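The exercises below are meant to be worked through with the sequence and the 3D structure in view. Try each task before reading its solution.

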Amino acid sequence: MLLIFGVSDKREDLGPGQTRTCPRCGNTTAWARIRTSRRFTLFFIPVIRWGRQELEACTICGEAARA
């Protein structure tokens, strides 16, 4: 019997966010809104999701902050 399962991160783009000055790189840009979650898959079909977060990330360096 063959059982294929896994745990992975999913990242979904929600569009542009607020214009902010990044504390890491110092650039002022419109940050990207993203939603992240962890998921358990069985035979490549998502079964369970947990740990959902909505974040805004700097489009230059990738620094993320809660939205």
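Contact here means heavy atoms within 4.5 Å. This is a predicted model, in which local features need pLDDT of at least 70, side-chain atom pairs count only at pLDDT 80 or more, and totals for chains, interfaces and linings use all residues. Residues are numbered from 1 along each chain as its sequence is written, and side-chain values use heavy atoms, with hydrogens and water left out.

**Exercise 1.** Determine which residues Thr29 touches, and whether Thr29 is buried or exposed.

Solution. Begin with the location: Thr29 is found in strand β2, where strands (E, at least two residues) are DSSP runs numbered from the N terminus. Next, leaving aside residues up to four places away in sequence, list the contacts of Thr29, which are Gln18, Thr19, Arg20, Cys58, Thr59 and Ile60. Finally, consider the relative accessible area of Thr29, which is 15%, and compare it with the cut-offs: buried means under 20%, exposed over 50%, and partly exposed in between, with a 1.4 Å probe and protein chains only. Thr29 is therefore buried.

**Exercise 2.** Find which residue lies over the face of Trp31.

Solution. A charge sits over a ring if NZ of Lys or CZ of Arg is within 6 Å of the ring centre and within 35 degrees of the ring normal. The residue over the face of Trp31 is Arg20, at 5.1 Å from the ring centre.

**Exercise 3.** Search the whole structure for aromatic pairs and describe what is found.

Solution. Rings of Phe, Tyr and Trp (its six-membered ring) pair if their centres lie within 6.5 Å, and planes under 30 degrees apart count as stacked, over 60 as edge-to-face and the rest as tilted. The search finds one aromatic pair. The ring centres of Phe5 and Phe40 are 6.2 Å apart and their planes stand at 35°, so the pair is tilted. Because Phe5 lies in strand β1 (residues 5-21) and Phe40 in strand β2 (residues 28-42), the pair ties together parts that are 35 residues apart in sequence. As for accessibility, Phe5 counts as exposed at 56%, whereas Phe40, at 25%, is partly exposed.

Note on methods: Helices (H or I, at least four residues) and strands (E, at least two) are DSSP runs, numbered from the N terminus.
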